[in-house]
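Please look over the model below before reading on.

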Amino acid sequence: MNSNNLVACPLDCFDTCQAFVDEKGNLKGSKEHLVTHGKLCVNFANLAKEEFLTKAYFEDKEISLEESLNILVEKIKATKKEDVLFYKGAGNLGVMQNSVKTFFAKYGATLTKGSLCDETGSLGLELGRGGINVNPPLEKLINSDVIIAWGRNVAVTSSHMYDLIKDKTFITIDPIRTKTAKISDLHLQINPKTDHELALLLTRFAHMENLEDESFINEHEGAEWFFDLAKSRPLISYEETIGIKLQEITKLFELIKDKSVSILLGLGPQKYYEGAQIFRAIDSFAAYIGVHNKSKGGLWYLDDSSYGYEKQLVAEAKNKIALPTVDFSKFKLVFIQGTDPVVTAPNTKKVIEGLQNSFVVFYGTVLNETSKYADLIIPSSSFLSKKDVRLSYGHELKAISNYIESKNENTITEYELANFLNEKFAFEKLKDEEEILNYYINTKVEDYSFIKKFEFLEELEVESLYEKQKENQYYFLTSKRKNSLNSQFKIDNYLYVNPCLGFNNEDEVLLKSPYGQTKIKIKNSEDIKENCVVAYSGNKYANYVTPFLTDEAANSAIFQEVLVEIELS
Ligand SMILES: Nc1nc2c(c(=O)[nH]1)N[C@H]1C(S)=C(S)[C@@H](COP(=O)(O)OP(=O)(O)OC[C@H]3O[C@@H](n4cnc5c(=O)[nH]c(N)nc54)[C@H](O)[C@@H]3O)O[C@H]1N2
Ligand SMILES: Nc1nc2c(c(=O)[nH]1)N[C@H]1C(S)=C(S)[C@@H](COP(=O)(O)OP(=O)(O)OC[C@H]3O[C@@H](n4cnc5c(=O)[nH]c(N)nc54)[C@H](O)[C@@H]3O)O[C@H]1N2
Ligand code: SF4
Ligand SMILES: [Mo]
């Protein structure tokens, strides 16, 4: 394989696969990339055959790329910098995606902070670890004995990482009987937003089983306080709140005793107001039983993939607002890159109303629900015709993309657009593209995963959803599925419920929460816990009912901090 035919999968996914073009011109998964292991997934296949946007539009009329860029420049010049918002999503995770942001930061526009994704969980890990969230190397995962999939649907959302470990003992902690739960030796079907309680209960059991890691505990601060928290409640009281029997906890300890343990932590347990505290409780349990800093095992989440690199595309904005609660109507000019907030941001009704009250520029590779509200549409070049590097939040390997298809003349890459704007506004040009890419390709970052400084959680203040829950209310869960990548590809617009709720498939219901309501069709599934309902990521109705709020500390979305009611409509 030569390096000129490489293509990185640009999608927002743990695996960060490396593809290449073979002699016949077909896209194949790299065999040398440990995680990709010669295979690509259905989402990549759908991306490769996507009909990419190749036309620019102004007020729904087709125009040339050049005209669209001139309109953009005029519009920016005519708008005060405080009235301009730059809003970027996760449609493509290549490092070059950050180019355009640097221009808007220099211009003085408002940028965003926080995310719709992992931020509150990351903060929870960082708070206990001296500010660092870096995954251990893959070999420690591969060499461990037992995998705990904690609120992460590993078999679906990191299907290649799963392939590396599928023969191991699996324990899943998830309210839903996911694909990962089905292949597990033990499934703890936890009630939503009770993971911190489970972490405390497990810590109690670990103490009873003499499983604490004395040396880690003695070297770091706060374990006694943490244990005090754990024993502040009668054991039996956990059964009802968490929804798990003590016998199942005993089974978990039978499975992990004298074994090296890997915890694969996912988004599920952190989509709440106190997500950071919940994660810190889980990480403290992991520390208590000695998961950290061993030769095998460890804890993996979505890590800070650029940790250890010097940022090559720096955007220093004076003004930043929380991404999940952006009010588009507050800005005269909104520039949207690589995202579909009408579907993926909380509170769809508010998002749409905001977009209708602003001049919206949509810069993407395909039209989507959000581009329907755009005044100006600028086509971004497809991933096959731009160079890039992808760093991974799931593991330590990176993937490289070269220019393997000639660029459609009516599209523009992120790097080109940034430099075009820099020139028009007499700002300094960006560093040379090759130099940026070579830096990322050639820099070998050392392993920062060893946890030097650890502080156990000493206080916990989490408001439970179960205390507020009325009889006719359900937990609203929203997670990922195999055939779509957030808003992209094959979308599923159903509300999944347990058959015990008494609805028929295809019934149209009114789904209501304090934040909004929507009509939605039902699909029954035994896999859904009786007290939960599920609408998958990309479902265009899901975010009509999600909170237009952030968590307590990290400007992170809290999609599941909500209880819903269902009425036949
Ligand atoms: N095929 C596919 N792969 C993807 C994506 C995709 O859309 N499709 N998206 C990518 C992105 S952007 C991300 S961030 C990652 C996320 O990957 P994951 O972390 O796996 O994310 P989710 O599917 O959102 O949530 C994981 C699980 O948490 C469970 N869960 C919900 N609430 C709770 C709770 O309170 N406690 C516990 N213990 N579990 C709970 C859900 O039922 C779900 O099975 O996946 C990436 N990979
Ligand atoms: N209800 C609910 N909502 C969720 C979630 C959930 O689980 N449930 N998950 C949340 C999570 S974890 C995440 S990460 C977000 C993700 O949500 P988004 O950030 O919105 O990501 P995508 O849906 O992948 O964005 C897709 C768009 O990106 C554009 N795009 C793709 N490639 C490129 C490119 O190379 N350049 C440019 N300029 N544009 C490109 C395409 O036009 C495409 O329509 O959604 C969040 N929203
Ligand atoms: S598994 Fe993830 S990284 Fe790999 S090809 Fe599929 S979407 Fe891309
Ligand atoms: Mo995400």
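The points below take up the basis of the model, the annotated domain, the cores and a ligand site.

1. This is a predicted model, with local features needing pLDDT of at least 70, side-chain atom pairs counting only at pLDDT 80 or more, and totals for chains, interfaces and linings using all residues. Residues are numbered from 1 along each chain as its sequence is written, chains are lettered from A and ligands numbered from 1 in the order written, and side-chain values use heavy atoms, without hydrogens or water.

2. UniProt, in an unreviewed entry, places "domain: Molybdopterin oxidoreductase" at residues 63–397. Such annotations may be inferred rather than shown by experiment. The span is 37% helix and 16% strand, and its end C-alpha atoms lie 41 Å apart.

3. The largest nonpolar core has 82 residues. A core here is a set of buried (under 20% relative accessible area, 1.4 Å probe, protein chains only) Ala, Val, Leu, Ile, Met, Phe, Trp, Tyr and Cys residues joined through side-chain atoms within 4.5 Å. Helix H14 (a DSSP run of H or I, at least four residues), residues 275–288, gives the most to this core, with 8 residues.

4. Trp 150 and Leu 198 are among the residues with the most contacts inside that core. Beyond neighbours within four places in sequence, Leu 198 is in contact (heavy atoms within 4.5 Å) with residues including Trp 150, Ile 173 and Ile 242.

5. Which atoms approach ligand 2? A polar side-chain atom of Lys 386 lies 2.9 Å from an oxygen atom of ligand 2. For Thr 478, a polar side-chain atom is 2.7 Å from a nitrogen atom of ligand 2. Tyr 363 instead uses a polar backbone atom, 3.1 Å from a ligand 2 nitrogen atom.

Note on methods: Helix = DSSP H or I, 4+ residues; strand = E, 2+ residues; numbered from the N terminus. Buried < 20%, exposed > 50% of the residue type's maximum accessible area, 1.4 Å probe, protein only. Polar contact = N/O pair within 3.5 Å; in protein donor to acceptor, adjacent residues only side chain to side chain.
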